[in-house]
Amino acid sequence: MNISKKDWDLFKQKLKMKTGIDLNLYKANQMQRRIGNLMTRHGSTSYVAFFNSIENDKQAFASFIEYLTINVSEFFRTPDKFSQLETTVIPDLLKKSSKLNIWSAGCSIGAEPYSM
């Protein structure tokens, strides 16, 4: 899909005006890929055409926003995994070394690394 910068910029502007979501705050390539996949499924060949096709359809627009956004940001989202980490994984690792380096990739609000 070869889309112009003007088309992308207009799409971002229309989305921000309607929803307050500023796509300039996200990696352009990632957003373009995600939205591009959805556009292809809808048969749209440009971002603006896609936006125009879903703008006044409440269900289609809600589905788009649901697809675009992460709607859950909850500390200890999967308690059973943290419990297993606490009771099994960390004690086993501490048997091998008294120092642990922990990397938490993709955390939403930053709470996960601090929970360690």
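Reader: Let me start with Phe11: is it buried or exposed?
Author: Phe11 is buried, with a relative accessible area of 0%; buried means under 20% relative accessible area, exposed means over 50% and partly exposed lies in between, using a 1.4 Å probe and protein chains only. Please keep in mind that this is a predicted model, in which local features need pLDDT of at least 70 and side-chain atom pairs count only at pLDDT 80 or more, while totals for chains, interfaces and linings use all residues. Residues are numbered from 1 along each chain as its sequence is written, and side-chain values use heavy atoms, with hydrogens and water left out.

Reader: Okay, and which element is Phe11 in?
Author: Phe11 sits in helix α1, where helices (H or I, at least four residues) and strands (E, at least two) are DSSP runs numbered from the N terminus.

Reader: What does Phe11 contact, apart from its neighbours within four places in sequence?
Author: With those neighbours left aside, Phe11 is in contact with Leu23, Ile35, Tyr47, Val48, Phe50, Phe51 and Phe64, contact meaning heavy atoms within 4.5 Å. Of these, Tyr47 is 36 residues apart from Phe11 in sequence, but their C-alpha atoms are 5.7 Å apart in space.

Reader: Which residues of the largest nonpolar core touch the most other members?
Author: That core has 17 residues, and those touching the most other members are Phe11, Leu15, Leu23, Ile35, Phe50 and Phe64. A nonpolar core here is a set of buried Ala, Val, Leu, Ile, Met, Phe, Trp, Tyr and Cys residues joined through side-chain atoms within 4.5 Å. Two or more residues each come from α1 (5–19), α2 (28–42), α3 (47–54) and α4 (58–68).

Reader: What about Leu15, then, beyond its neighbours within four places in sequence: what is it in contact with?
Author: Beyond those neighbours, the contacts of Leu15 include Phe61, Phe64, Ile65 and Leu68, along with Gly20, Ile21, Leu23 and Phe51.

Reader: Which residues of α4 are buried?
Author: In α4 the residues Phe61, Phe64, Ile65 and Leu68 are buried. They cover an arc of only 95 degrees around the axis, so they lie on the same side of α4; the arc is that of the directions from the helix axis to the C-beta atoms. The face turned away from that buried side carries the exposed residues Gln59 and Glu66, whereas the buried residues of α4 pack against α1, α2 and α3.

Reader: And which residues are buried in α3?
Author: In α3 these are Tyr47, Val48, Phe50, Phe51 and Ile54. Their arc around the axis is only 160 degrees, which puts them on the same side of α3, and the buried residues of α3 pack against α1, α2 and α4.

Reader: Changing topic, where is Ser44?
Author: Ser44 lies in the loop between α2 and α3, and it is buried, with a relative accessible area of 12%. Leaving aside neighbours within four places in sequence, Ser44 is in contact with Met39, Ala49, Phe50 and Ser53.

Reader: How many helices and strands does the whole chain have?
Author: The protein chain has 6 helices and 0 strands, and 24% of its 116 residues count as buried. Among its contacts between residues at least 6 apart in sequence, 60% join residues at least 24 apart.
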